[in-house]
Amino acid sequence: MAETDPKATLVRYLQQGRDAMLWKLDGLGEYAIRRPMTPTGTNLLGLVKHLAGVESEYFGAVFGRPFPGTLPWDPDDPDGDPNVDFWATAGESREYITGLYREVWAHADATISALPLDAEGHVPWWPTPPNPVTLHTILVHVIAEVQRHAGHADIVRELADGVAGLRPAVSNLPDLDAARWEKYRAQVEQAAREAAG
């Protein structure tokens with residue numbers, strides 16, 4: 001039977017992205033989840049911390065329902081680190097950051113549950129228009145953001161220890177052994193070199 005509740009569909013895709021973000025931390029030590037894996041410092045725990053901030057604002061302040069908890073940074077501090085939400089300090093434990101993210105989910109889910117998809121909100125950091133915005137628009141926007149960062153997490157995790165895939169029970173990748181993956185990678189590399197001349 002086809003799913004007919006648009007809000008339920010949106011929430012399902014949002015939760016899948018959330019779950020993927022936390023799954024990417026499983027089985028890794030403290031250094032691996034915090035290690036900057038790109039020149040711009042992208043790291044797994046920082047992505048989770050960032051998304052806690054994203055959801056707290058979009059499903060909180062935007063709809064006049066501020067997140068009741070405390071975020072570990074002040075986004076309005078003009079002298080603060082502009083990337084403070086993209087990395088965890090040594091004092092911010094994995095349990096603290098993931099717990100914060102789960103608290104934000106609960107608040108976001110309460111907002112989503114309480115409001116109809118056409119409920120209006122205002123995003124202070126967006127220009128006018130597109131303000132006012134609807135819950136539907138914000139759900140789509142946040143799903144895109146969460147899934148985008150889940151893609152980043154896919155790559156960072158694969159770089160960290162070779163683990164790849166969509167979710168624990170579904171890799172969404174061909175079932176190849178290490179030798180076949182190396183052969184495939186060599187084939188892709190050769191095609192790139194040939195195309196480049």
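How closely do the axes of helix α3 and helix α4 come, and at what angle do they cross? In this predicted model, the axes of α3 (residues 44-58) and α4 (residues 94-114) come within 9 Å and cross at roughly 25 degrees, where axes are lines fitted to C-alpha atoms over the stretch in contact and angles run from 0 to 180 degrees between N-to-C directions. Local features need pLDDT of at least 70, side-chain atom pairs count only at pLDDT 80 or more, and totals for chains, interfaces and linings use all residues. Residues are numbered from 1 along each chain as its sequence is written, and side-chain values use heavy atoms, with hydrogens and water left out.

**Overall layout**
- The protein chain has 6 helices and 2 strands, taken as DSSP runs (H or I, at least four residues; E, at least two) numbered from the N terminus.
- Along the sequence the pattern is α-α-α-α-β-β-α-α, and the C-alpha trace spans about 55 × 50 × 35 Å along its principal axes.

**The α3 and α4 pair**
- Helices α3 and α4 are therefore roughly parallel to each other, a term for angles under 35 degrees.
- The contact (heavy atoms within 4.5 Å) involves residues including Leu 45, Val 48 and Leu 51 of α3 and Ile 97, Tyr 101 and Trp 105 of α4.
- By class, the residues of this contact divide into 10 nonpolar, 1 polar and 3 charged, with Ala, Val, Leu, Ile, Met, Phe, Trp, Tyr, Cys and Pro counted as nonpolar, Asp, Glu, Lys and Arg as charged, and the others, Gly among them, as polar.

Technical notes: Angles under 35 degrees count as roughly parallel, over 145 as roughly antiparallel, 65 to 115 as roughly perpendicular and the rest as oblique.
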